[in-house]
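Hi everyone, thanks for coming. Today I'd like to walk you through two chain interfaces. Let me put the model up on the screen.

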4 protein chains.
Amino acid sequence: MTAAIKIIAAQGLSAPTAMIGKEAGVSNGALFTYFATKADLLNQLYIELKAEMAAATTTDLPTEADTREQVRHVWKGWLRWAIDHPQERRALAHLGVSHEVTAESHEAASKSYADVAALLDRSRASGALRDAPLMFVASLVTGIVDATVDYMTQDPASAEKHDAAGFEALWRILT
Amino acid sequence: MTAAIKIIAAQGLSAPTAMIGKEAGVSNGALFTYFATKADLLNQLYIELKAEMAAATTTDLPTEADTREQVRHVWKGWLRWAIDHPQERRALAHLGVSHEVTAESHEAASKSYADVAALLDRSRASGALRDAPLMFVASLVTGIVDATVDYMTQDPASAEKHDAAGFEALWRILT
Amino acid sequence: MTAAIKIIAAQGLSAPTAMIGKEAGVSNGALFTYFATKADLLNQLYIELKAEMAAATTTDLPTEADTREQVRHVWKGWLRWAIDHPQERRALAHLGVSHEVTAESHEAASKSYADVAALLDRSRASGALRDAPLMFVASLVTGIVDATVDYMTQDPASAEKHDAAGFEALWRILT
Amino acid sequence: MTAAIKIIAAQGLSAPTAMIGKEAGVSNGALFTYFATKADLLNQLYIELKAEMAAATTTDLPTEADTREQVRHVWKGWLRWAIDHPQERRALAHLGVSHEVTAESHEAASKSYADVAALLDRSRASGALRDAPLMFVASLVTGIVDATVDYMTQDPASAEKHDAAGFEALWRILT
DNA sequence: CATGAATGAGGCTTCATTCAT
DNA sequence: TATGAATGAAGCCTCATTCAT
């Protein structure tokens, strides 16, 4: 699994299963005792990565604090995870557009985000997007996070500034 | 070319060249009269689509109007193109993450956006992101556009509302 | 034709007909107005080259001189032609082992050597190989010529010495 | 390998790898488990055949006997191998002129002939070719062997006579 | 007759998947 | 259950040959 992430991040989804097996230290045949199919592996990987990413945003969430604080916590967690797991992010970028990843997997992945979605819903309650579909708002937010992480990665010296600017943009949209 | 867009939108980048040829009404061999390589085709396609998309946002730009009006024009053009060209958008999504698309192609593509970038720069001049790198702001904007288009496509009945909400979010970020 | 020689010498028999056409300054299609088939071209080329090579050995043959003198003349002509036409030689090396060159072509080519063969027959009349089949002797001779040319080409500084050594070997075999 | 020899002898170097695989009783894909590339197969084949041929000439070489005896031994071994392995010989003829066979392979192959070359050097020590480059002499010898084998193969009834005539020619050249 | 784009069969190679050990 | 050699379908690309202009 870790192997798959590394290989897919580096080579894309067309990476041979044999190479993933090698990286994982198992034979090419053994891979298929764990995953019936390459598509299976990709789907499980997708779900797992999404879940992991979601978990990173909600652990230790200060549920008693005010909304802004909680959003800030999620924001921080998200950024930290993304920056600490560049390969995971790259792999997800590939998996996200793949035809091999089924609608069911996308469904399953979105469930991991229930808590984040709920928080988002509370945050925008009295904002400009109060009447927009929640998923739409979530998409906007995801876009902002991705852009922010991209620039923090490219220009680590000004990471702090990008972080602040990104959060500023986010908060403006929500409120 | 049009054929490639259609096939890639439907099947992804792993679509056989033979299928693209067939869709275009030419033999599999003929494809390589026009493109030396599959990668070549993908790169040219990427550059062309990006250019076309950029063109859709800046034609008839009211350069004398105030900034908000111009941003609104670009926004409208962008949305219209995206909604009218779902296959092109899908193909671009695939091409954007592909390893086959070279850095040179990305470079070339970004040149098409010079005008839009300049406008963006003017718009955020006195806004919260006035000190952020322009490309960072552009990424944020792209994220918002993509999210908006996604939801206008998924829920055409409320297209107007999504449009408005998206622009609202955009404008908030810039000013 | 000259083009074919050049290209085949450089690339072998797998050289594309299009490349030969280009070198000759005609379109790929035009080639097939002159030669029905690539195999046709190769066969004609083989016969022509063999004939040319044979001609180079017998022009101005001093038919009145003694046998050794005549053999010496053929030897000289052969060496000269081979050294002056390295591409032709290379092309012939490829054509000689090709399956595309038919038995008829080999037959036709050998006819060009009638005069040389007759001379050879006279030369060995009282020699050690007087009872061997003429073609066998011819093969031996060809082997010696080829070896000599190879070394004269590789080491032009000592060309004279190789020439002499080669002829010495030849004459020893014949007499 | 044996399959490759057979197929290449029959069809030349343009023989499909699939056909070689089939002859060997393995699938087309399996071939590439053993040889990364068709060129690889050809190079290994060339080296192996050359080595085998060289080995056939020097096994049981009577190193204590006089030079003529030793040359005779090599001659016999060479002829025997060539006559017993017509396919190997044909394959070698193709491989010898191929562009796919690299200079390194030729280098490697020539190393197999160190012993034969040394013997040759001793044999011609006081002969007419004593000052010619050894490799030149070797080429002459190879030419004679090839011619002899060709005729022994074509006309097996007189094999004995051709053998004798060939050796006679050889010995005349050396001494 | 020449052109050169188009054809399409065929070759080399890759790789997901299977299976005997 | 693990191994890794074997399978064979499929993909990219080449090139002899054809044919409309």
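I'll start with the conventions, then take the two interfaces in turn.

This is a predicted model, so a note on confidence: local features need pLDDT of at least 70, side-chain atom pairs count only at pLDDT 80 or more, and totals for chains, interfaces and linings use all residues. Residues are numbered from 1 along each chain as its sequence is written, chains are lettered from A and ligands numbered from 1 in the order in which they are written, and side-chain values use heavy atoms, with hydrogens and water left out.

Let's begin with chains A and B. Here 28 residues of chain B are in contact with 28 residues of chain A, where contact means heavy atoms within 4.5 Å. Together the two chains bury about 2,300 Å², and 73% of that lies on carbon and sulfur atoms; buried area is the accessible area, with a 1.4 Å probe, that two parts lose on being put together, summed over both. Which three residues supply more of chain B's share than any other three? They are B:F136, B:Y151 and B:R172, with 25% of the area that chain B buries against chain A.

What about charges and polar pairs? Between chain B and chain A there are 0 salt bridges, meaning a side-chain nitrogen of Lys or Arg within 4 Å of a carboxyl oxygen of Asp or Glu. The rule does find 7 residue pairs in polar contact, both residues at pLDDT 80 or more. A polar contact is a pair of N or O atoms within 3.5 Å; within protein, one must be able to donate a hydrogen and the other to accept it, and residues adjacent in sequence count only if both atoms are side-chain atoms.

On chain B's side, the elements giving two or more residues are α1 (2–11), α6 (86–97), α9 (134–154) and α10 (159–174). Helices here are DSSP runs of H or I, at least four residues, numbered from the N terminus. The most comes from α9(B), with 9 residues.

Now over to chains C and D. The contact takes 28 residues from chain C and 28 residues from chain D, and the pair buries about 2,300 Å², 73% of it on carbon and sulfur atoms. On chain C, the trio C:F136, C:Y151 and C:R172 supplies 25% of the area buried against chain D. The counts here are 0 salt bridges and 7 residue pairs in polar contact. As for helices, α9(C) gives the most to chain C's side, with 9 residues.
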